[in-house]
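This report concerns a single structural model.

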Amino acid sequence: MPTAVTVVPPAPSDLAREHFAAEFGFETDCWDVHDSLAQGADFVLLDVRSPALFAAGHVPGAINLPHGKIVRSKLAHWPEGTVFVTYCAGPHCNGAARGALRLAELGRPVKIMAGGMTGWLDEGFALARAGATA
């Protein structure tokens with residue numbers, strides 16, 4: 001008798017490979033962001049939470065731009081091909097996806113940092129306080 005896991009069979013391997021490979025075009029993780037920031041990031045890291053939450057603690061090097069304020073004029077000082085990485089509170093929050101959608105609608109390349117602040121803290125990485133806003 002199948003369990004809740006196997007009652008719907010897994011996708012065929014070729015479809016699974018395409019699906020999981022495509023995810024890397026949409027997401028990165030906290031380790032990769034952390035390592036890239038240490039090397040000199042080739043992307044802009046956007047904390048899309050409120051200014052109060054950002055001030056209380058954020059990923060070092062992040063810029064605060066709440067998802068509802070992502071508009072063309074706020075992005076004008078970054079060249080068109082600039083890659084953006086968005087994050088919010090964590091897996092329970094859809095702010096990073098909202099921010100990523102707004103960026104994509106403006107024609108900007110974007111990924112989400114999977115795990116957000118929850119993932120960052122789970123990895124044991126330090127937070128910064130106050131700092132840059134857009």
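The sections below treat the basis of the model, the annotated domain, the surface patch and two further residues.

## Basis of the model

The model is predicted: local features need pLDDT of at least 70, side-chain atom pairs count only at pLDDT 80 or more, and totals for chains, interfaces and linings use all residues. Residues are numbered from 1 along each chain as its sequence is written, and side-chain values use heavy atoms, with hydrogens and water left out.

## Annotated domain

An unreviewed UniProt entry places "domain: Rhodanese" at residues 39-129; such annotations may be inferred rather than shown by experiment. Over residues 39-129 the chain is 32% helix and 16% strand, where helices (H or I, at least four residues) and strands (E, at least two) are DSSP runs numbered from the N terminus. The end C-alpha atoms of residues 39-129 are 21 Å apart.

Ser-50 occupies the loop between strand E2 (44-47) and helix H3 (51-56). Its C-alpha atom is separated by 16 Å from that of Thr-118, 68 residues apart along the chain.

## Negative surface patch

Asp-29, Asp-32, Asp-35, Asp-122 and Glu-123 form a negative surface patch (residues with over 30% relative accessible area and no salt bridge, like charges being joined within 9 Å; a salt bridge is a side-chain nitrogen of Lys or Arg within 4 Å of a carboxyl oxygen of Asp or Glu). Asp-29 belongs to strand E1 (residues 27-29).

## Helix H1

Arg-17 is located in helix H1 (residues 13-23). The C-alpha atoms of Arg-17 and Leu-37 are separated by 29 Å, at 20 residues apart along the chain.

Conventions:
Patch = residues over 30% accessible without salt bridge, like charges linked within 9 Å, V, L, I, M, F, W, Y side chains within 5 Å. Areas by Shrake-Rupley, 256 points an atom, 1.4 Å probe, with all protein chains shown as cover. Lys, Arg positive; Asp, Glu negative; His and termini not counted. Charge placed at Lys NZ, Arg CZ, Asp CG, Glu CD.
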